[in-house]
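I opened my notebook to look around this structure one spot at a time. Come along and check each entry on your own screen.

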Amino acid sequence: MSVREATPEDFDAILEIGARFHEFSPWRDRPFSADATRAMLDRMTQSDDAVLLWNGSGILGGVVAPIYFGGGTVAQELFWFADANGRELLDAFEGWALGKGAAGVLMISLAIDERTDARMDRLYTRRGYGLRERNYYKELI
């Protein structure tokens, strides 16, 4: 299957993949909510500034937003999980971002383990990405 924008008919399969990803992600300490995830997917499919890219075995969701210091927009990956052919999702996301006039693309790498961190770092570096920020998380509730 080639990459296309996801539709509500894809949500059950996307939720299945998302639940499996959640099991090994750093967010596994929070319960996975299929209802909340479905509502988020629905909102994204209705927004001109968001995209859900689906290839039948993976999903990449992102948004385009103003660069916080001014001067254009940037595309930001919100989540990306794929069983196979994940690079084609990234290719499509970069193309979508370019079509939206984004000046660049921000990608996330979850802190899962050192091996995964190194693998994602190599992937991004080979594709021309450079480190700009690190995200830190603090539990408030």
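This is a predicted model: local features need pLDDT of at least 70, side-chain atom pairs count only at pLDDT 80 or more; totals for chains, interfaces and linings use all residues.

Entry 1: Is Tyr-124 buried or exposed? I found a relative accessible area of 8%, and anything under 20% counts as buried, so Tyr-124 is buried. Next I looked up Trp-80, which is also counted as buried, at 15% relative accessibility.

I then turned to aromatic pairs in general. Two rings are described by the distance of their centres and the angle of their planes. In this model I have eight aromatic pairs on my list. For Trp-80 and Tyr-124, the ring centres are 6.3 Å apart and the planes stand at 40 degrees, so I noted the pair as tilted. Trp-80 belongs to strand E4 and Tyr-124 to helix H4, so this pair ties together parts that are 44 residues apart in sequence.

**Entry 2: helix H4.** Back to the helix that holds Tyr-124. Helix H4 covers residues 114–126, which makes 13 residues.

Which residues of H4 are buried? I listed Thr-116, Met-120, Leu-123 and Tyr-124. Looking down the axis of H4, I saw its buried residues fall within an arc of 90 degrees, so they line one face of the helix. A reminder to myself: an α-helix has 3.6 residues a turn, so residues three or four places apart point the same way.

What covers that buried side? Strand E4 (73–82) and helix H3 (86–99) are among the parts that cover the buried residues of H4. On the face turned away, I found the exposed residues Glu-114, Arg-115 and Arg-126. After H4 comes Gly-128, and its phi is positive, near 95 degrees.

**Entry 3: a serine in a loop.** Where does Ser-57 sit? I placed Ser-57 in the loop between strand E2 (50–54) and strand E3 (58–66). Its relative accessible area is 17%, so Ser-57 is buried. Leaving out residues up to four places away in sequence, I found that Ser-57 touches Ile-17, Ala-82, Asp-83 and Ala-84.

Key: Residues are numbered from 1 along each chain as its sequence is written. Side-chain values use heavy atoms; hydrogens and water are left out. Helices (H or I, at least four residues) and strands (E, at least two) are DSSP runs, numbered from the N terminus. Buried means under 20% relative accessible area, exposed over 50%, partly exposed in between (1.4 Å probe, protein chains only). Contact means heavy atoms within 4.5 Å. The expected span of a helix is 1.5 Å times one less than its number of residues. The arc is that of the directions from the helix axis to the C-beta atoms. Rings of Phe, Tyr and Trp (its six-membered ring) pair if their centres lie within 6.5 Å; planes under 30 degrees apart count as stacked, over 60 as edge-to-face and the rest as tilted.
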